[in-house]
Amino acid sequence: MRVFAVAQNTFRESVRDKVLYVLLFFAVATIFGSKAIGWISIGQDIKVMKDICLAAVLLFGVLIAIFVGTTLVHKEIDKRTLYTILARPMRRYEFILGKYAGLSALLGLVTALMTGAAALYILALGGSVDLVFFQAALLIYWELLLVTAFAILLSSLTSPILGAMIVFSIFVIGNGTRILADLPQQFDDITGRRVLELLYYVLPNFSNFNILREAANGVAVSGAYVAWAMLYGTIYAAFLLAAASVAFERKDV
Amino acid sequence: MQAIVTRELSKSYTRLGRPLPASLDKLNLAISENEVFGFLGRNGAGKTTSIKLLCNLLRPTAGQAAIFGNDTRLPEARRHVGYLPENPYFYEYLTPRETVDFYGKLEGLNAPARKKEWDRLAEMFNLGGIQNQRVRTFSKGMRQRLGFAVALVGDPPLLILDEPMSGLDPLGRRLFREIILKLRDEKKTIFFSSHVLSDVEQICDRVGILVKGRLMVEGRLDKLLERRVQLVEVILRGVDKTLEDSLIGQCSAVRRSEAGTHFFVTSLDAGNELVRTAMQCGATLVEFNPVRETLEDYFMHSQEAGSP
Amino acid sequence: MKRFAAILLAAAAAFGSMAAVQHRLDGLRAHEPGDELLYLPNENLLEHFTAGMSGVVADLLWIRCLLYTGEHFRGDHDFTWLNHMVDMATRLDPYFVDAHRYGGVFLAMLKADDDACIRLLKRGMANNPTSWELPYEIAMTYLLNRPGQPDSPIQAAKYLAIAIETGNAPRFVLELAESLQRGHNLVDLERDMWESMLQSDDALLRDMAERKLILAELRIACENLSKAARAYAAEHGKPPKTVEDLADAGLVTPPPFDPLGGSFFVSEDGRVLNSSVLDEEVERARGILKGGIDAFKERNGRWPASLDVLDKSGILDEIPPQPYPERAWHYDANDGSLL
């Protein structure tokens with residue numbers, strides 16, 4: 001009940017955040033503008049539109065997750081809205097979970113809206129939208145949940161700006177971790193290989209959630225793959241939230 | 001059962017590994033149920049630190065504290081506490097009604113209970129008129145009222161208030177004083193900090209004075225001040241010169257005014273003696289004024305005592 | 001101490017299970033083999049660091065590629081960067097069938113680089129097993145770019161069969177396969193291919209198709225005119241000087257017209273040739289030679305001393321002759337330029 005109350009409040013508070021609307025505006029503009037770029041390709045305008053729309057959902061979703069997420073806990077400490085809440089018989093981790101749940105709900109709404117708008121637009125222009133398109137959107141959402149978990153962890157530890165930079169770097173690096181899987185073959189040194197392999201499994205691998213190209217080209221993706229990818233994200237996010245709770249537990253506010 | 005007990009409660013910070021002087025040094029305090037305790041100190045003396053430690057917003061570097069027998073580090077301890085921080089902040093986009101509703105949910109109250117709480121608190125603090133205005137638009141005084149109302153959600157038996165009167169106009173102060181006294185009548189315990197001595201003087205049973213992180217003085221207000229009766233001013237009428245001369249020996253000063261002759265003696269007993277003698281000689285007692293040290297004087301003394 | 005141990009345990013559990021899940025995911029997903037990293041570091045790095053938007057980058061690259069092709073097609077016919085662009089776009093989005101398809105077509109038709117074309121199409125097939133377009137284009141490349149080779153019809157038939165097996169192939173593919181079986185007429189094949197491309201939505205492809213069809217017509221016209229020229233020579237004892245002579249002699253009606261702006265002329269040995277057709281053959285031959293020159297440069301670090309070197313060193317099977325009867329290749333060994 002307490003977690004839910006905090007979540008509900010977080011949701012309402014973030015819905016009022018102006019940054020959210022600016023980003024949404026640009027996202028929607030990108031979605032509706034995708035036709036223009038599609039126009040100059042040879043008969044691939046629908047494919048290009050799907051590419052751009054899904055990329056917009058991902059990019060703006062990440063920006064929202066980072067900007068709102070990194071300020072989330074920090075703003076409460078700064079503005080001391082936190083004091084009266086923590087002075088209740090509420091455990092600190094309940095507070096963290098509530099914040100996370102609220103932001104996740106917000107992102108879910110945003111992702112659904114943007115995906116829906118994109119799908120309707122594409123349908124209106126004569127394209128078809130198949131299952132893989134929505135699977136891609138679902139995995140984008142799961143990716144956003146993981147990014148948010150990072151953001152909340154950083155929010156409990158450091159200032160918003162530093163936190164935002166760190167999470168954004170993690171996002172970029174996390175999309176390229178596959179290199180670590182490919183490189184070991186080029187190494188003769190066993191320890192070197194082991195280190196790279198270790199890094200590959202430890203660093204977050206965001207490319208697991210990326211089926212955008214399949215979605216744009218109408219290539220089917222198995223339900224099993226989607227489920228495994230979601231499981232990966234869930235485990236990692238749970239770990240991060242646990243870490244955030246521990247970090248927050250002993251923090252002097 | 002004691003409402004609050006602290007034992008050697010301390011908090012110090014370090015900068016780059018080196019310890020700074022303690023913000024709170026070995027606080028030993030016991031607050032009984034149904035008391036109004038005033039916690040005094042200058043800015044930076046450690047009042048807010050103590051309160052935050054009690055509410056588990058800070059972790060102590062040494063010592064312990066318990067609220068109604070529960071260790072303050074456990075969430076159980078906070079079940080019975082209503083906390084009003086200094087400069088309370090609430091979510092800007094909510095209305096007071098939504099705010100109280102939110103805290104009601106945190107307390108685990110269901111919807112009807114929350115509505116009842118709102119009705120009770122809105123009446124108590126005059127929030128009815130502004131119930132749909134967003135907190136963003138509130139003045140300091142309005143926020144303070146809302147803060148106190150929030151602290152009372154769930155009707156907790158112990159109230160911990162950090163500078164509750166700060167920023168209030170005289171009407172607001174009066175309202176708060178009345179509410180605190182009413183709460184005392186309802187058998188609640190109130191622990192509040194302040195640096196406004198007149199507020200404390202008017203409502204507290206006991207006070208504690210914090211100087212540079214240390215509790216210098218603690219005890220019942222009247223007893224503390226009683227000890228330091230500086231002077232007694234006795235105003236008598238109909239004192240002729242002979243009487244005056246005979247009484248002068250016992251006094252530290254004599255003065256004449258329209259009201260009569262003012263005799264200044266150093267204790268209540270001496271004053272009583274003076275009056276008896278004078279009345280036997282036919283003088284009339286106009287006023288008998290023990291000039292007690294005000295809390296302010298007392299406060300200043302303790303600051304000096306605490307300084308090196 | 002207990003806390004620390006608990007955290008460590010939680011971390012081990014979390015990362016242990018995630019490693020297992022990751023392994024599973026890797027198994028489920030097709031991935032480019034790692035050794036490619038050595039040859040094309042740019043493409044792979046780009047893919048890894050476009051943060052999940054490689055599809056969009058591929059689209060933009062493809063559009064750029066189309067613009068590049070269109071520009072040079074109408075201009076100087078120099079498509080140096082085509083291979084690189086097509087490669088990048090298709091590596092960034094391996095499911096982008098049209099980029100593979102048309103990229104391959106451009107490489108084969110505009111640069112005469114059928115090796116690169118077939119490599120590209122095969123890579124595309126590996127990632128897109130349900131596509132009929134890609135094996136179809138491989139078959140066409142064998143038929144049109146490598147007509148002389150003995151195994152071409154066999155390979156073409158094989159790839160057409162693959163295309164048909166995908167189950168998505170349109171009827172003309174089936175018809176083509178059948179006609180291959182019966183023996184085939186290359187000229188008709190080519191014309192059919194261009195005619196289907198005339199239906200395309202894109203102006204560039206339509207232009208290309210139109211031009212190619214006109215050239216095909218012109219070739220046929222040349223043949224007919226050459227026949228007429230021989231008839232003229234038989235009648236008058238010597239070949240005609242110009243095509244107008246043929247017209248005057250009443251052997252051709254109406255007098256031929258070249259919509260591409262070229263002219264018909266009679267060669268020394270009595271054949272009628274058309275400058276537009278020859279120009280196209282010059283471009284094609286030039287493309288092959290330029291490719292060989294560049295390959296030599298890359299392999300040996302310097303320009304070849306002469307064109308014959310290319311033949312001797314085995315880079316090219318033969319030196320294509322200058323299509324114009326009286327002209328020769330002008331090659332400058334100092335900067336590798338060819339006129």
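How many residues does the contact take from chain A and from chain C? Keep that in mind as you go through these close-ups of a predicted model.

**View 1. Chain A meets chain C.** The contact draws 44 residues from chain A and 39 residues from chain C. On chain A, the elements that give two or more residues to the side touching chain C are α3 (45-79), α7 (160-175), α8 (178-182), α9 (190-202), α10 (212-217) and α11 (223-249). The largest share of that side, 11 residues, comes from α11(A).

**View 2. Helix α4 of chain B and its cover.** Look for the buried residues here: Q144(B), R145(B), L146(B), G147(B), F148(B), A149(B), V150(B) and A151(B). What covers them includes α4 (81-86) of chain A, along with β8 (81-84), α2 (96-106), α3 (111-125), β9 (158-162) and α5 (170-185) of chain B.

**View 3. Chain C by itself.** Chain C comes to 15 helices and 4 strands. Its C-alpha trace spans about 115 × 50 × 35 Å along its principal axes. A compact globule of 339 residues would have a radius of gyration near 20 Å, but chain C has 26 Å. Of its 339 residues, 31% count as buried. Among the contacts in chain C with a separation of 6 or more, 52% come from residues 24 or more positions apart.

Definitions and conventions:
Residues are numbered from 1 along each chain as its sequence is written. Chains are lettered from A and ligands numbered from 1 in the order in which they are written. This is a predicted model: local features need pLDDT of at least 70, side-chain atom pairs count only at pLDDT 80 or more; totals for chains, interfaces and linings use all residues. Two residues are in contact if their C-beta atoms, placed from the backbone, lie within 7 Å. A residue is buried if 20 or more other C-beta atoms lie within 10 Å of its own, exposed if 12 or fewer, and partly exposed in between; C-beta atoms are placed from the backbone. The radius of gyration is taken over C-alpha atoms; the globule rule is 2.2 Å times the number of residues to the power 0.38.
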